[in-house]
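This report describes one protein chain, going from its overall form to a single residue. Please look at the sequence and the model before reading on.

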Amino acid sequence: MPKKSLYSGAILILGLNQLIETIAFGIPYSYFPRYAISLGSSVASIGLFTSSFMFMSAVLSPYFGGYSDRFGRKRLTIIGLIGDVIFGAMTGLVPSWEWLLIVRGINGAATAAAVIPTEAMLVDLAPPDRVGEATGFILACGMIGRNIGPLFGGTVQWLCVSFGFNEQDSYRVPYFVDAGFAALSALLITFGIKENKVELIKKAEVSKNEKRIKEVPRPYKVLLVCALITGIGEGFIRPILSLFFWDVFGAEPIEIGLLMTLSGFITLLASWLSGRVSDKFGRKIVIALGGIPARLLGIAIPLGANFNAASIFYTLRDFMWRIYVVGLRALRADLAPPEIRGRLFGLYRTFFDVGDIVGPIMATYLYDVYRFETFQVGGFTLPGYGVPFYLNS
């Protein structure tokens with residue numbers, strides 16, 4: 001009897017949900033600072049909006065993951081998506097930047113409630129021998145959404161201006177589109193997935209280990225440290241990349257944006273392939289094959305002789321980094337006992353988010369301090385603006 005395709009049924013629904021959610025999440029990227037400033041925020045305070053969103057997600061993710069272990073993934077995911085609908089719409093209605101900050105924080109909590117159970121549900125529903133491939137597929141869907149989202153949001157905002165909306169209202173309208181996407185995701189999950197988590201827990205409860213596992217397994221503790229470092233790695237590169245290409249090569253925003261978009265689509269192949277390879281040959285070999293070259297290429301980025309060379313190094317680094325991340329996520333699924341999978345996935349998200357919050361602060365500080373310095377290492381002269389890249393690697 002032929003195997004049922006992985007890309008149908010529940011896994012396909014989860015992929016579509018990931019695509020829709022990440023498009024919605026990326027909608028405001030192209031104009032959010034202007035919206036916050038139009039509501040009275042200072043330029044220096046812009047970072048607070050991202051930090052408040054991620055802080056709430058980091059704090060609450062383990063709790064939401066634990067709730068999903070006890071009460072079911074699907075139920076909590078739908079509640080989180082409904083929260084995204086409500087607070088996404090409220091983001092477009094707030095009267096001041098103070099209210100925008102509060103709503104962004106609450107929306108971060110709602111997003112965590114939707115995302116963490118979904119990640120655990122994917123592992124629950126995927127065939128055991130194809131968890132890596134399913135993980136790669138979901139991450140690829142998310143990358144497509146992240147690449148499309150900013151362009152989509154900017155287009156909606158531009159159309160609003162073209163139809164006569166004032167500037168501030170043109171920033172508000174896309175959030176209602178965002179809320180509509182969250183509602184669509186909620187419907188997909190509600191009617192497209194029949195969760196089997198209850199049966200899994202019942203089987204676990206009648207097994208020899210009658211007491212629920214409460215301690216975090218030691219190998220998973222090691223993985224949490226890796227999640228923290230990976231979060232820092234994500235956070236280090238993102239905020240300084242545009243500064244680096246602008247300062248060193250005089251690249252225009254459209255060139256930098258095109259590079260990021262093209263790199264994002266190229267790495268889609270890495271997500272899918274690395275998941276399949278990890279299922280056949282093991283997680284750790286994929287982690288090593290992706291992680292080590294990614295670090296070396298990260299060092300090479302600031303050493304590029306021109307924009308094209310640095311762009312190639314960045315794209316290759318992004319490709320190898322994605323292989324590493326997929327392998328790490330698949331290993332996370334292997335090491336998490338089903339009884340507490342949601343809580344452990346939430347802890348993983350917390351450690352990653354903490355790194356992603358700390359990383360940009362460290363990277364921008366180091367870049368500012370050393371950008372005009374040079375260092376002699378043996379017979380080589382290393383530019384100071386590369387310090388964040390060296391340290392990250």
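The model is predicted. Its protein chain holds 14 helices and two strands. The radius of gyration is 21 Å, close to the 21 Å that the globule rule gives for 393 residues, so the chain is as compact as a globular protein of that length. Along the principal axes, the C-alpha atoms fill a box of roughly 65 × 60 × 40 Å.

Values for the protein chain are collected here.

| Property of the protein chain | Value |
|---|---|
| Residues that count as buried | 52% of the 393 residues |
| Contacts between residues 24 or more positions apart | 83% of the contacts with a separation of 6 or more |
| Distance between the mean positions of the 35 positive and 28 negative charges | 9 Å |

The remaining lines of this report concern the serine. S68 belongs to helix α3, which spans residues 46–71. Is S68 buried or exposed? The relative accessible area of S68 is 0%, and buried means under 20%, so S68 is buried. Which residues does S68 touch, leaving out those up to four places away in sequence? They are R73, L76, P117 and G342.

Methods
Residues are numbered from 1 along each chain as its sequence is written. This is a predicted model: local features need pLDDT of at least 70, side-chain atom pairs count only at pLDDT 80 or more; totals for chains, interfaces and linings use all residues. Side-chain values use heavy atoms; hydrogens and water are left out. Helices (H or I, at least four residues) and strands (E, at least two) are DSSP runs, numbered from the N terminus. The radius of gyration is taken over C-alpha atoms; the globule rule is 2.2 Å times the number of residues to the power 0.38. Buried means under 20% relative accessible area, exposed over 50%, partly exposed in between (1.4 Å probe, protein chains only). Contact means heavy atoms within 4.5 Å. Lys and Arg count as positive and Asp and Glu as negative; His and the chain ends are not counted. The place of a charge is taken as NZ of Lys, CZ of Arg, CG of Asp or CD of Glu.
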